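Here is a short briefing on one protein chain. Look at the structure first, then read the points below.

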Amino acid sequence: MAALLDLPHRGRFVLLCLLWVALWEAGAGQMRYSVPEEIEKGSFVGSVAKDLGLEPLALAERGARIVSRGRTHLFALNPRNGSLVTAGRIDREELCAQSARCLVSFNILLEDKLSIYSVEVEIKDINDNAPRFGVEEVELKISETTTPGFRIPLKSAHDADVGENTLQKYEINSNDHFSLDVRSGVDGNKYPELVLGRALDREEEAVHYLVLKALDGGDPIRSGTSRIRVTVLDVNDNAPVFTQPEYRVSVPENTPVGTRILTVTATDADEGYNAQVTYFLEKNPEETSEVFELKSASGEITITKSLDYEDAKFHEIDIEAQDGPGLLTRMKVIVTVLDVNDNVPEFYMTSATSSVPEDSPPGTIIALFNVHDRDSGQNAFITCSLPENLPFKLERSVDNYHRLVTTRVLDREQFSSYNITVTAKDGGSPSLSTNAYILLQVTDINDNPPTFPHTSYSTYIPENNPRGASIFSVMACDPDSNDNAHVTYSLAEDTLQSAPLSSYISINADTGVLYALRSFDYEQFRELQLWVTAQDGGNPPLSTNVSVSVFVLDQNDNTPEILYPALPTDGSTGVELAPRSAEPGYLVTKVVAVDRDSGQNAWLSYRLLKASEPGLFAVGLHTGEVRTARALLDRDALKQSLLVAVQDHGQPPLSATVTLTVAVADSIPDVLTDLGSLKPSVDPDNSGLTLYLVVAVAAVSCVFLAFVIVLLALRLRHWHTSRLLQASGSGLAGVPASQFVGVDGVRAFLQTYSHEVSLTADSRGSHVIFPQPNYADTLISQDSCEKKDFLSEDKEETFSQQAPPNTDWRFSQAQRPGTSGSQNGDETGTWPNNQFDTEMLQAMILASASEAADGSSTLGGGAGTMGLSARYGPQFTLQHVPDYRQNVYIPGSNATLTNAAGKRDGKAPAGGNGNKKKSGKKEKK
């Protein structure tokens, strides 16, 4: 110290600063302040910001706050100046009772870094409590024989204050017999005694009234009084005496109520009534008198209220022993409470978070808490633990503070929340423990894209679906939550048949339901390939694609389409030929139809709905072949009308019908003669036009009839000459010439001119054809060939000649469908190539009929050939007439209409002879 004084003034200052810094660093973790009790709220205690080395405003910015163990906050932080101030009334006696020093400890927490600082505040006592006596009035009895100097202990006063403010002295009012003496005990308390200064004389004064006053040392001085009534008795000069000057006993805090803990004993040297001792508890303001009970006769002390080491570690009991006349002796009993492990650790959660992002790094602080045990010693030693297999750990800090931190990155999709159980266990025997539960929610981040249950989807939709119909539903799942799991659906851009895919199909962005925007047609396309994108609502969003194949299913929405027989474009009625010689099973024709549908919807079946002659014809169920069901009879009508239905196998089935007209005839003349009987259908739209045509035909016929009459008159002369020539050349002079006039004249007329009026059965107009004469016929005479047709020059340019059929569409005779095929037919045979040839054929048929009637023939040809050998060859029959129908192609099949031709043609030779016989009979008729 002398060396320090010898240093210069500046050097001493530097050393003092260094010493101050060292002392400050040594006590940096602990801040101590003092404050008197009962000061106003908000009074300054100390500058925390200054002691922490911080600016006053920085203390509030760092989130400084006071934490304590469940006790009412006595102090607060002033955020403006960073000082510690009182938060309310502070009563030292309530906090620390009679303790010499009253210390209040708490912690200051800085939220930003979760730093803890200890603070200790000493509560200074002030003189706010006056001394108080347990009783307001005391009665004393003193024998008159008591010698002066006798001391009588008086009731002491109690002052809750400590130090100079506690009880300091006693005073008694002045009197002639008594004086006051104050004796200090071993515990430092002052005990007043009343001293007899002069002998008493009961007869002079039986009762003495005194006032005892207790004074403390405070400023101002406070006092308390007690009235003393002294009654003078006779001859009891011995007071009770305890066996011990002070009793001490130790009791565990868990001792049951009613347990006897001690028995005090006092004796009196007097005899009789003066020696009867009774015991009393001295009443005081503390709760000690309520915890224990003293039996006045025996001196036994029992427990009346449970002991608690944490509330009071020891109890002082003042016991008085009084004899019969009233002399008493006072003694103190000190009861020490022993601690047992009866308190579980207590948690005080300082700071805790309820949620943490799943991408938080390891070491993230979840909670900060304090654990305290009210027991002492080993019973208050606490250890904290966590369950295993949790991604958390505990880090111990000062003053039993612990941090709960993460040990690894969390995954919300694996565990969305943690119910963390923290166990605090003390060191008692047996040990006690308590649990604290921290519920931690792991908040989601968008780290998972939506996923579909399947890699691809296939669905089916029938065609002709209504617009807006639901096709299919896809659903993607996102294990994230909230917006990150909100999935929206969309279609990838694509085209179908040069149109955007979005014009065919749409998708509900929220539900993933696919809708058809138009009605699909299986015949246009059969499959749609599209990609559905599922995207979540995260930031940034994640997406996944899945392939969806939509297959269009066929429905029966197309009626069968009949390819053959096709409706003629000129409005005429197609006619099929069936010879009367046809046997049962003869193939007349074949109905050919197709269906644009597929599968079962395209399977076609044929059936005969209506026939003019039931049972005559039958239709193949699957082939559509029209065959004779029985042999044709003479009574069967020439024209047979058949209504054939073609039906598919869809649900419901669709059908189409076609009407077939079958001409039953053995020969072409029968066909040509009776075809005119096919009456046209009545059509209101065509009735007017048909009327005009009928009138025109009638006019032309009249002109033609007049022309024939004139022509016949001109030919009469020629007929007479030719009759004479025939009679001389052929030996037929006996035959009348009238039998040949008509034949020769008609033959000459047919060689020069022919016309036809054709009235179709179902056309909008009829037509008149004047074909050019054909001079290639061998039946025309040389003279007729030299004559000029008077109509050929005028009509050649006005009316066009009918064109022959297109040979490119002809089948061979063996390949043609219908009844015109023949096994022995000539492939080169042709149908008459124009209408004029047809008229020539009709003329030759008429000539043959005349020859048969006369028994001779001049037209040439063998019997049964009907005179047709000159033009078509010696083997010509009706079956040699080629088929005029066009080729019919069946889509999707290699079959042709000639499959049954061989069966039908194989019967032709047998029917040829029959044709000749039947023709002869008909000609005779």
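Buried means under 20% relative accessible area, exposed means over 50%, and partly exposed lies in between. E395 has a relative accessible area of 31%, so E395 is partly exposed. Keep in mind that this is a predicted model.

**Salt bridges**

- A salt bridge here needs a side-chain nitrogen of Lys or Arg within 4 Å of a carboxyl oxygen of Asp or Glu. By this rule the model has 25 salt bridges.
- E395 forms one of them with K393, at 3.9 Å from N to O. K393 is also partly exposed, at 41% relative accessibility.
- E122 and R101 form another, at 3.5 Å from N to O. E122 sits in strand β7 (residues 115–124) and R101 in the loop between α5 (92–96) and β6 (103–110), so the bridge ties together parts 21 residues apart in sequence.
- Are E122 and R101 buried or exposed? E122 counts as buried because its relative accessibility is 16%. R101 counts as exposed because its relative accessibility is 51%.
- R227 and E137 meet at 3.8 Å, N to O. This pair links distant parts of the chain, 90 residues apart: R227 is in strand β16 (residues 223–233), and E137 is in strand β9 (residues 137–143).
- R227 has a relative accessible area of 45%, so R227 is partly exposed. E137 is partly exposed at 45% relative accessibility.
- Some salt bridges join into a network: R151, D181, R183 and E193 are linked this way.

**A three-stranded sheet**

- Three strands form an open sheet in the order β35-β40-β39, with antiparallel pairing.
- Which strands lie at the edges? They are β35 (470–473) and β39 (505–507), and each pairs on one side only.
- From one strand to the next, the twist averages 25°.
- β39 and β40 (residues 513–516) run antiparallel and are joined by three bridges. Here I507 stands opposite L514 in β40.

**The largest nonpolar core**

- In soluble globular proteins, nonpolar side chains tend to be buried together.
- How many residues make up the largest nonpolar core? The core has 28 residues, and I505, F520, L528 and V532 touch the most other members.
- Several strands each supply at least two residues of this core: β34 (456–462), β36 (488–491), β39, β40, β41 (527–535) and β42 (543–553).

- Most residues other than glycine have a negative phi, and most peptide bonds are trans.
- The peptide bond from S429 to P430 is cis, with omega near -5°. P430 lies in the loop between β32 (417–426) and β33 (433–443).
- A cis bond also runs from N539 to P540, with omega near 0°. P540 is in the loop between β41 and β42.
- D399 is not a glycine, yet its phi is positive, at about 55°. D399 is in the loop between β30 (392–396) and β31 (401–406). Its relative accessible area is 37%, so D399 is partly exposed.
- N482 is not a glycine either, and it has a positive phi of about 55°. N482 belongs to the loop between β35 and β36. N482 counts as exposed because its relative accessibility is 69%.

Technical notes
Residues are numbered from 1 along each chain as its sequence is written. This is a predicted model: local features need pLDDT of at least 70, side-chain atom pairs count only at pLDDT 80 or more; totals for chains, interfaces and linings use all residues. Side-chain values use heavy atoms; hydrogens and water are left out. Two strands pair if DSSP finds at least two bridges between them. Helices (H or I, at least four residues) and strands (E, at least two) are DSSP runs, numbered from the N terminus. Axes are lines fitted to C-alpha atoms, for helices over the stretch in contact, and angles run from 0 to 180 degrees between N-to-C directions. Buried means under 20% relative accessible area, exposed over 50%, partly exposed in between (1.4 Å probe, protein chains only). A nonpolar core is a set of buried Ala, Val, Leu, Ile, Met, Phe, Trp, Tyr and Cys residues joined through side-chain atoms within 4.5 Å.
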